[in-house]
Amino acid sequence: MRIDVLTLFPEIFHSYLGQSVLKKAIERGLVEIYLHNIRDWSHDKKHHKVDDRPFGGGPGMVLMAPPVVECVEAVQAMADQPGHLVMLTPQGRKLNQAVVEELAQYPRLLLLCGRYEGFDERIRLILKPDEISIGDYVLNGGEVAAMVVIDAVIRLVPGVLGDEESSRQDSFSGPERLLDHAQYTRPRCYRGYEVPAVLLSGNHRAIARWRLMDRRRRTEERRRDLLESSTASRSGEGVRDEKTSKNSLGERGDAGLQPESPATETQEDSKQE
């Protein structure tokens, strides 16, 4: 996948591109990231100005149409495919996992980052971008939003993650769009809290069943709106599973966690630590 970032501050991305999963994906040739400075298309060759005061008055400055439109058109022409243009703006459709999955299908994305009071409206009318918002709040610029989009999308590029199953089990993924289940690692007991016995049983079917029930319980408690939009929840199946799992999940629904003495940890477990 190729991603072109159009921004007034490309230097913001330098450290980000050299970190973690993204760095490895770039090194392996699975993802290509190109940075483009919108100021390079400014008509003001001396000061590289790209913004001006808004007509009608008001605070701040507005990004002018000519440098932004010409920058996008020039970058689109840098490859055989013009790519899918995304304008990062608080007025766009809200980013969620379904939108991320949609964006991951494109072989090339162009991420257009705004600044100041926003874009001259003619930029949107001429370029007809896919307008996307990462949430109902305002940032100083679109660069952080672009990083969010990149981080979410590259996880779905084949080969980027060490285990492809990881992205399929993430929160908001899958047909039901549930939250992820509780996760545990060593030690088995910490401050009186035991790892649920089923996760130590070796029974993979029972573990899968427990995790599904825990995902539904967590989603019911924290994000009921996800269940309301889920076909599976409307069928009532999730309600039945939750009722039958009361004993295994504990009275308080805390994923089966009930404080016990740390002494219950076996001698064999202590040796493994």
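## Basis of the description

Because the model is predicted, local features need pLDDT of at least 70 and side-chain atom pairs count only at pLDDT 80 or more, while totals for chains, interfaces and linings use all residues. Residues are numbered from 1 along each chain as its sequence is written, and side-chain values use heavy atoms, with hydrogens and water left out.

## Overall make-up

The protein has 13 helices and nine strands. Helices (H or I, at least four residues) and strands (E, at least two) are DSSP runs, numbered from the N terminus. Of the 273 residues of the protein, 41% count as buried. Here buried means under 20% relative accessible area, exposed means over 50%, and partly exposed lies in between, with a 1.4 Å probe and protein chains only.

The accessible surface of the protein comes to about 15,900 Å², and 50% of this surface belongs to carbon and sulfur atoms. Accessible areas come from the Shrake-Rupley method with a 1.4 Å probe; for residues, only the protein chains shown count as cover. Contact means heavy atoms within 4.5 Å. Among contacts between residues at least 6 apart in sequence, 75% join residues at least 24 apart.

## The largest nonpolar core

In soluble globular proteins, nonpolar side chains tend to be buried together. A nonpolar core is a set of buried Ala, Val, Leu, Ile, Met, Phe, Trp, Tyr and Cys residues joined through side-chain atoms within 4.5 Å. The largest such core in this model has 30 residues, and those with the most contacts inside it are Ile3, Leu103, Leu111 and Ile150. Two or more residues come from each of strand 1 (2-7), helix 1 (13-17), helix 2 (20-27), strand 5 (84-94), helix 4 (97-103), strand 6 (108-113) and helix 6 (143-154). Helix 6 gives the most to this core, with seven residues.

Apart from its neighbours within four places in sequence, Ile3 is in contact with Glu32, Ile33, Tyr34, Leu109, Leu111, Ile150 and Ile154.

## A second core

A second, separate core of 19 residues includes Leu6, Val68, Met87 and Leu112. Leu6 lies in strand 1 and counts as buried because its relative accessibility is 0%. Not counting residues up to four places away in sequence, Leu6 touches His36, Ile38, Cys71, Val72, Val75, Leu110, Leu111, Leu112 and Cys113. The C-alpha atoms of Leu6 and Leu35 are separated by 6.3 Å, although these residues are 29 residues apart along the chain.

Helix 3 (residues 65-76) has twelve residues, which at 1.5 Å a residue should span 16 Å; its end C-alpha atoms are 16 Å apart, in agreement. The expected span is 1.5 Å times one less than the number of residues in the helix. In helix 3, Ala65, Pro67, Val68, Val69, Cys71, Val72 and Val75 are buried. The buried residues of helix 3 pack against strand 1, strand 2 (32-37), strand 4 (62-63), strand 5, strand 6 and helix 5.

Together, Tyr137, Leu139, Val144 and Val148 make a nonpolar surface patch of about 330 Å².

## Backbone features

Most residues other than glycine have a negative phi, and most peptide bonds are trans. Ser20, found in helix 2, has a positive phi near 55°. Ser20 is exposed, because its relative accessible area is 53%. Tyr116 has a positive phi of about 60° and is placed in the loop between strand 6 and helix 5 (121-127). At 38% relative accessibility, Tyr116 counts as partly exposed.

The peptide bond from Arg186 to Pro187 is cis, with omega near 0°. Pro187 lies in the loop between helix 7 (164-168) and strand 8 (189-190).

Definitions and conventions:
Patches are made of residues with over 30% relative accessible area and no salt bridge: like charges are joined within 9 Å, nonpolar side chains (Val, Leu, Ile, Met, Phe, Trp, Tyr) within 5 Å. A salt bridge is a side-chain nitrogen of Lys or Arg within 4 Å of a carboxyl oxygen of Asp or Glu.
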